[in-house]
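Please walk me through this structure, strand by strand.

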Amino acid sequence: MSSVLDRDIRLASVEPQHIDGEPERVRRIRVQAADRFKALGWPTTKREEWKYTSLTPLTSIDWKIDQSQPAGSDPAPLFGEMPVAELVFVNGALSTNKSTLANEHPGIRVLPLREAMESESFGQHFAKYAGYEQHALTALNTALWQDGAYIEIAPGTAIEGFVHLFYVGGGTAEHPLMSHPRNLIVVGRGSQITVVESFFGKGMYFTNTVTEIVAGESAVVDHYKFENESLDAFHIGTVQIHQERSSNVTSRTIATGGALVRNEINVALTGQGASLSMEGLFVLSGRQHVDNHTLIDHIAPHCDSLELFKGILDGNARGIFDGRIIVEPNAVKTNSRQTNRNLLLSESAVIDSKPTLEIHNDDVKCNHGSTIGQLDEEALFYLRARGIGEKEARNLLVFAFASEIVERMKIGVVRESVSRALYSRLPALVAEQRGEG
Amino acid sequence: MLNINNLHAGIDGKEILKGLTLHVGVGEIHAIMGPNGSGKSTLANVLAGRPKYVATSGTVLYQGKDLLALPAEERAREGVFLAMQYPVEIPGVNNIYFLKAALNSIRKHQGQEELDAMEFLQLAREKMKLVEMDETFMNRSVNEGFSGGEKKRNEIFQMAVLDPKLAILDETDSGLDIDALRIVAEGVNALRSEQHSVLVITHYQRLLRYLVPDFVHVLADGRIVKSGGKELAEELEQKGYEWIESEVAVAQ
């Protein structure tokens, strides 16, 4: 069993939460981060990058960290096929009896973050990319994190299969719990790895996660984030990716859960010839609010980035796509495309789409665009004219809209798990829309 | 099979069919010909139940049932099939999955056992040969990236699999080369039996060389203005539609 904090940590007074034996540098960073959070305060809608999302429902709750794991909280395995390694966290604390480190694979190290603090690579990379100076939630995570995953792939190592980081949250309105998982993934030169992060849970809780990924020269990194939190949960997640020369990163974000969600994915293309494929899918209903915020910074020349986010919104859901691509003065021969497509299934669902390109040199190929539409009535009639009922036809078309992204997920078990989650949402989606729910 | 009586119908408040009457018996092939704008496609769409096409008066009885009262999917399940003039592309919906779902919903409705994946595949392969369709088409999205001819062929393939009692072909021959035309005709001829009826809507007489109709009707300004046997189609080909139109004008 993991350590049990006997203190109540309330957000009203954010103090750095040190771990026994943490190195001086980590200690110092925590203190700085806590100070920054106090200085910045919670982001408000007055800030441009938070203009669509008010955190008031989140900040009015007196969240606590409690890493004791109630009996029976061990989650069932998510995937039929075992990953190469799996770390399971319950309310932020490692579930030791459910986790497998599988470090017999040469070249891969998977550790709880709190056990990796002395490693050279941790010292070199931790908190270097996810800036806590300007980002209040990252500062909060940096001050309060208790555990997370550390994954290090030695140069020239290709890992088949995937590493799974599984976060399970739980809490109630009377006992609202928060956790701040923190991950560091360092992939060496010419290495290859796939990491899947899944977020599930029951009841009311708040997850504020930060993952830093370093893709070394010519490394191939696939990162999947599957956010399927409880419909009463709050989730704020930042994935910060640092790409070196000729590295190839694929980022897939699937959001189906949560009451109030912010997915932030920031990528810095710092080495020549790096390429990035970033895709996202959010499927919302009821009163869900999901804010996707992406930043792709083209710093080095000859880099490619392809971004596609798709939203499916029903009921009174609100979705946001706020994507920004910056092409720096030195980033000549940049190739970049940014697309956001949205499907609105009800008249009361709302989408804000804000694709932004910021280009600081002339020698680039960039384009961006966004669409918002309803189900194609012609397609619907075509299916019905072949005998398929209206409800099923609608589901088929909604799923088809999502499938472009789902089908490109390379790991079979992950693809199936995501498909199941989407399918399980579809009948509700349609019922709600047609007033039969 | 199908009895249309004094049907008035249109779209967006504009009346296009102005009292159409037509009787199609079991096992018969009827061709409906007519110039552009005469109401041919409106007839097809009203019969298939396309939203926005509204019948304002008249009746359509299909196997004794009020066809107009049924939603589109119910009509299909009762055995009505419309081969569309412009088959829509549906990215992300797999052809074979779609067609299996369609066939099984029809079979279920008709009290037949649903086919499992193997049985369906066997049936689909057999029908694909009939329309000379490459099997790779089956695993693609419905009509996505298909050429015009491939889309029409896919319509006939679907028709062959779904085995409708009443097939309506809405200008399936338009834009087809001679090979595709032959395949379409063979698909329809394979359906020809004592139980099946076919309504071929066309602008040209070409298809009717391969597909010999029992009756030919000429539609003009929303009404059937002339009916006859297969020789009427040839006469139209030689004389053009102006001949009919002037004849109708004289009669009025």
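In strand 10 of chain B, B:Val200 is the bridge partner of B:Ala31. This is a predicted model, in which local features need pLDDT of at least 70, side-chain atom pairs count only at pLDDT 80 or more, and totals for chains, interfaces and linings use all residues. Residues are numbered from 1 along each chain as its sequence is written, while chains are lettered from A and ligands numbered from 1 in the order in which they are written.

Strand 3 (residues 29-33) of chain B runs parallel to strand 10 of chain B, over five bridges. Two strands count as paired if DSSP finds at least two bridges between them. Helices (H or I, at least four residues) and strands (E, at least two) are DSSP runs, numbered from the N terminus. Strand 9 (residues 166-170) of chain B also pairs with strand 10 of chain B in the parallel sense, over five bridges. There, B:Ile168 has B:Leu199 as its bridge partner.

Strand 10 (residues 197-202) of chain B is mostly covered, with six of its six residues buried. Buried means 20 or more other C-beta atoms within 10 Å of a residue's own; exposed means 12 or fewer, partly exposed lies in between, and C-beta atoms are placed from the backbone. In a regular strand the side chains alternate between the two faces of the sheet. In strand 10 of chain B, B:Ser197, B:Leu199 and B:Ile201 are buried on one side, and B:Val198, B:Val200 and B:Thr202 are buried on the other.

Now turn to chain A. Strand 1 (residues 85-90) of chain A is mostly covered: six of its six residues are buried. One side carries A:Ala85, A:Leu87 and A:Phe89; the other carries A:Glu86, A:Val88 and A:Val90. Strand 1 of chain A pairs with strand 5 (residues 163-171) of chain A in the parallel sense, over six bridges. A:Leu87 has A:Leu165 as its bridge partner in strand 5 of chain A.

Strand 1 of chain A pairs with strand 2 (residues 93-94) of chain A in the antiparallel sense, over two bridges. Here A:Val90 has A:Ala93 as its partner. Two residues lie between the strands of this hairpin, and A:Asn91 takes a positive phi near 45°. Most residues other than glycine have a negative phi. A:Asn91 is buried, because 26 other C-beta atoms lie within 10 Å.

A:Ala127 also has a positive phi, of about 65°. A:Ala127 sits in the loop between helix 3 (120-125) and helix 4 (136-144) of chain A.
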